[in-house]
Amino acid sequence: MGYRCIQCGFPIKTLYLQYSPGNIRLMKCENCKAVADEYIECEITIIIIDLILHKPKAYRHLLYNVINQETLKFQGLLWKLAAIFLLFDAYRYLILESSKSKSSSSMSYSSLVSMCCKMMMDVFFGNFIFLLTFFFMVKIFLHISLSVSRCNGILLGLLISCYFKIFLIAMMVWEFPSSVMFIIELFCLSSNAVALKVMTESSMSQCVWTCFSAYAIKFFFIQAHELMLLWKFMQGWNQIPFTLSLKSTFI
């Protein structure tokens, strides 16, 4: 991924010319004749505000002109972001589970093991289903040819656009209702759609449906798996009185 104009997304060779330290001239786009990247001279707070407001030009600046595969250690950054994403997702699951079991002051060993297994299923297998569905929809619905480098670029944009998960840190300090999780996930979905639109140049409605399908299938898969585990647990629990009655008859 090379540099892009943040206004129209047209590829450009360089963003600015530096004459001396602190003396630069911003380059103009050959396509739209506007300044290629005006965020170079802006403070980071303005960029963060525009990212929160879901402005596509702020996403182009971040995904193409700041994080560039040619100038950064791309694979290392990808693995670090993936690890941070999984940690935030695990913390989200623990918050939801703790809100469900607030009434019980102590947890047994079996319930703790069960919660850890469910968390691993939610975090790892759930996100695997999410990514599988996401790239399938990108391939079929958006008609994008996916190479290894293209998949890595889209995956990086997807991870970066989940920056709203950082607000989970606030839940370590202040107490919020569990409904805040839904709001954070909703913001992540919309941010993923904007990042996908910027990276694929597809329509916004197609990108929203692609991201929504991936989130929906992940949610239904996790819920279905939890129901299956609960059914197996109840089935095993119902067999205990039967085995006890058999032992009493033989004794």
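The crossing of helices α1 and α2 is left-handed, a label used when the near helix is turned anticlockwise from the far one by less than a right angle (right-handed if clockwise). Helix α1 spans residues 44–52, and its axis lies 8 Å from that of α2, at an angle of about 120°. Axes here are lines fitted to C-alpha atoms, for helices over the stretch in contact, and angles run from 0 to 180 degrees between N-to-C directions. α1 and α2 are therefore oblique to each other. As for the wording, angles under 35 degrees count as roughly parallel, over 145 as roughly antiparallel, 65 to 115 as roughly perpendicular and the rest as oblique.

Which residues meet there? On the α1 side you'll find Ile47, Asp50 and Leu51, and they meet Ala58, Tyr59, His61 and Leu62 in α2. Contact means heavy atoms within 4.5 Å. Sorted by class, the residues of this α1 and α2 contact are five nonpolar, one polar and one charged. In that sorting, Ala, Val, Leu, Ile, Met, Phe, Trp, Tyr, Cys and Pro are nonpolar, Asp, Glu, Lys and Arg are charged, and the others, Gly among them, are polar.

Before going on, a word on the model: it is a predicted one, where local features need pLDDT of at least 70 and side-chain atom pairs count only at pLDDT 80 or more, while totals for chains, interfaces and linings use all residues. Residues are numbered from 1 along each chain as its sequence is written, and side-chain values use heavy atoms, with hydrogens and water left out.

## The overall layout

The protein has eight helices and two strands. Helices (H or I, at least four residues) and strands (E, at least two) are DSSP runs, numbered from the N terminus. Follow the sequence and you get the pattern β-β-α-α-α-α-α-α-α-α. Of the 251 residues, 35% are buried. Buried means under 20% relative accessible area, exposed means over 50%, and partly exposed is in between (1.4 Å probe, protein chains only). Take the contacts between residues at least 6 apart in sequence: 65% of them join residues at least 24 apart.

## Helix α7 and its partners

Helix α2 (residues 56–66) also meets helix α7 (residues 179–200), where the axes come within 9 Å and cross at roughly 70°. That makes α2 roughly perpendicular to α7. This crossing is right-handed. α2 brings Pro56, Tyr59, Arg60, Leu63 and Tyr64 to the contact, and α7 brings Ser191, Val194, Ala195, Val198 and Met199. Eight of these residues are nonpolar, one is polar and one is charged.

Now for α5 against α7: their axes are 9 Å apart and the packing angle is about 150°. The two are therefore roughly antiparallel to each other. Here, too, α5 passes α7 in a right-handed crossing. The α5 residues are Arg150, Gly153, Ile154, Gly157 and Leu158, and they touch Asn192, Ala195, Leu196, Met199 and Thr200 of α7. This contact has five nonpolar, four polar and one charged residues.

## Single residues worth a look

| Residue | Relative accessible area | Class |
|---|---|---|
| Glu30 | 64% | exposed |
| His54 | 19% | buried |
| Ser98 | 39% | partly exposed |
| His143 | 66% | exposed |

Where do the two histidines sit? His54 is in the loop between α1 and α2, while His143 is in the loop between α4 (109–140) and α5 (148–160). Most residues other than glycine have a negative phi. His54, though, has a positive phi, near 60°, and phi of His143 is positive and near 60° as well.

Glu30 is found in the loop between β2 (23–26) and α1. Its C-alpha is 9.1 Å from that of Pro11, and the two residues are 19 apart in sequence. Ser98 belongs to helix α3 (residues 74–100).

An unreviewed UniProt entry annotates residues 77–95, 123–142 and 154–174 as "transmembrane region". UniProt positions are given in the numbering used here, feature names are shortened, and annotations may be inferred rather than shown by experiment. Over residues 77–95 the chain is 100% helix and 0% strand, with the end C-alpha atoms 27 Å apart. Over residues 154–174 the chain is 52% helix and 0% strand, and the end C-alpha atoms are 34 Å apart.
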